[in-house]
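Student: I have a new structure open and would like to learn how to read it. Can we go through it one feature at a time?

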Amino acid sequence: MRVFIVIPVFGNVNLTENFINSIELTGKERVILIDDNPLRLHAYFIHRQGIEVVNGNGTNFWGGSVNLGLDYISHKYKPEAHDMIILANNDVTCNFNLEEVYSMRLDIRNSVFHPQVKDISGRYVKSCGRIRQWFPFIVEYPLADSSNYSCIDTLTGRFLIVSWENITSVGGISKNLPHYGGDSDLGLKFRKIGVQSYLINTIDCCVNMAQTGVHASMHLGNLYNLLFNIKSSYCLKYRWRFVRNHKSFVYSILIMLSIYIKLLIAMIIFSKE
């Protein structure tokens, strides 16, 4: 089994260094950095053993960068069905190493895996979730418990472990979701082909929240930014696309109303405090 680690990057070279150091490469992995920054800040990584840099055109965002990396691996390495693909972000450091992951003997033929996520204070961060119901839209974010794994529906791309066969079977990241929503959408696409997603409760990674998109400040003055910035998880355009990828037009309208009415109420309550 070969292992390919795809990491979309733009800036923050120091974060990329920190992430790579945290996973402790064993020598059998190929790390593919997708540098979408026209300044090519990550160019010097090509001198590192086992690391390659693929240049984007500056318009790929997260989803396009992941797909660019998958295309690169496909053409250069001709992966086999059960080779391991790890989709990772450079805004995390891992509190585990790759040898620990390999020792788990994860069943990537039939499943997809992601570690728990915490912030620098050790608090759990909402990442991978279980959709309890679509309308009104309710997502549960499982915390680590006594079980080794928790079933989930929606994913995040901070350290996503999947087989080559499964990631290509669903066409990679949906092209209509270039940034937020593409990873959540991916989990639902896996479910449609009978591949179950799991949170690994025995390991976790630490996310730098200051570097992860537009902050969901509940102040009303931030409402416009939340609704229209592509780097916001509440961006109307891409939330709509995410829901429509899986539900009918009319049902999607109802789901969207439930999401944004809940958001607006939360912001009004926060602003009065």
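Student: Which residues in α1 are buried?

Tutor: This is a predicted model, so take every value as computed from it. In α1, the buried residues are Val13, Leu15, Thr16, Glu17, Phe19, Ile20, Ser22 and Ile23. Helix α1 spans residues 13–23 and is mostly covered, with 8 of its 11 residues buried.

Student: What follows α1?

Tutor: Glutamate 24 does, and its phi is positive, near 55 degrees.

Student: How should I read a positive phi?

Tutor: Start with the general idea. Most residues other than glycine have a negative phi. Now look for the exceptions here. Arginine 40 has phi near 55 degrees, a positive value in a residue other than glycine. Phenylalanine 61 also has a positive phi, near 55 degrees, and is not glycine either.

Student: Where do arginine 40 and phenylalanine 61 lie?

Tutor: Arginine 40 sits in the loop between β2 (29–35) and β3 (51–55). Phenylalanine 61 belongs to helix α2, residues 61–77.

Student: Is arginine 40 buried, exposed or partly exposed?

Tutor: Use the cut-offs: under 20% relative accessible area is buried, over 50% is exposed, and partly exposed is in between. Arginine 40 has 28%, so this residue is partly exposed. Phenylalanine 61 has 33% relative accessibility, so it too counts as partly exposed.

Student: What about peptide bonds?

Tutor: Most peptide bonds are trans. The bond from phenylalanine 135 to proline 136 is cis, with omega near -10 degrees. Proline 136 lies in the loop between β7 (130–133) and β8 (138–140).

Student: Which loop holds serine 127?

Tutor: The loop between β6 (111–118) and β7. Serine 127 counts as buried because its relative accessibility is 12%.

Student: What is serine 127 in contact with, leaving aside its neighbours within four places in sequence?

Tutor: Val117, Tyr141, Thr156 and Arg158.

Student: Now two helices together. At what angle do α7 and α8 pack?

Tutor: For a helix pair, read the angle and the distance between axes. Helix α7 (residues 236–244) and helix α8 (residues 249–272) pack at about 135 degrees, and their axes are 9 Å apart. That angle makes α7 oblique to α8.

Student: Is the crossing left-handed or right-handed?

Tutor: Right-handed, as α7 passes α8.

Student: Which residues meet between α7 and α8?

Tutor: From α7 come Leu236, Arg239, Trp240, Val243 and Arg244. From α8 come Phe249, Ser252, Ile253, Ile255, Met256, Ile259 and Tyr260. By type, the residues of this contact divide into 9 nonpolar, 1 polar and 2 charged.

Student: Can we take one residue from that contact?

Tutor: Take tryptophan 240, in helix α7. Leaving aside its neighbours within four places in sequence, tryptophan 240 is in contact with Phe249, Ser252, Ile253 and Met256. Tryptophan 240 still counts as partly exposed, because its relative accessibility is 26%.

Student: How far apart are the C-alpha atoms of tryptophan 240 and methionine 256?

Tutor: They are separated by 7.0 Å, and the two residues are 16 apart along the chain. Phenylalanine 270 and histidine 219 are 51 residues apart in sequence, with 6.7 Å between C-alpha atoms. Phenylalanine 270 is in helix α8. Its relative accessible area is 41%, so phenylalanine 270 is partly exposed.

Student: How far apart in space are glutamate 100 and isoleucine 51?

Tutor: They are 21 Å apart, C-alpha to C-alpha, and 49 residues apart in sequence. Glutamate 100 is placed in helix α3, residues 98–103. At 35% relative accessibility, glutamate 100 counts as partly exposed.

Student: Let us step back to the whole chain. How many helices and strands are there?

Tutor: There are 8 helices and 11 strands. Of the 273 residues, 52% are buried. Among contacts with a separation of 6 or more, 74% join residues 24 or more positions apart.

Student: What does the radius of gyration agree with?

Tutor: Compare the value with a compact globule. With 273 residues, such a globule would have a radius of gyration near 19 Å, and the chain has 18 Å, which agrees. Along the principal axes, the C-alpha atoms fill a box of roughly 55 × 40 × 35 Å.

Definitions and conventions: Residues are numbered from 1 along each chain as its sequence is written. This is a predicted model: local features need pLDDT of at least 70, side-chain atom pairs count only at pLDDT 80 or more; totals for chains, interfaces and linings use all residues. Side-chain values use heavy atoms; hydrogens and water are left out. Axes are lines fitted to C-alpha atoms, for helices over the stretch in contact, and angles run from 0 to 180 degrees between N-to-C directions. Helices (H or I, at least four residues) and strands (E, at least two) are DSSP runs, numbered from the N terminus. Angles under 35 degrees count as roughly parallel, over 145 as roughly antiparallel, 65 to 115 as roughly perpendicular and the rest as oblique. A crossing is left-handed if the near helix is turned anticlockwise from the far one by less than a right angle, and right-handed if clockwise. Contact means heavy atoms within 4.5 Å. Ala, Val, Leu, Ile, Met, Phe, Trp, Tyr, Cys and Pro count as nonpolar, Asp, Glu, Lys and Arg as charged, and the others, Gly among them, as polar. The radius of gyration is taken over C-alpha atoms; the globule rule is 2.2 Å times the number of residues to the power 0.38. Buried means under 20% relative accessible area, exposed over 50%, partly exposed in between (1.4 Å probe, protein chains only).
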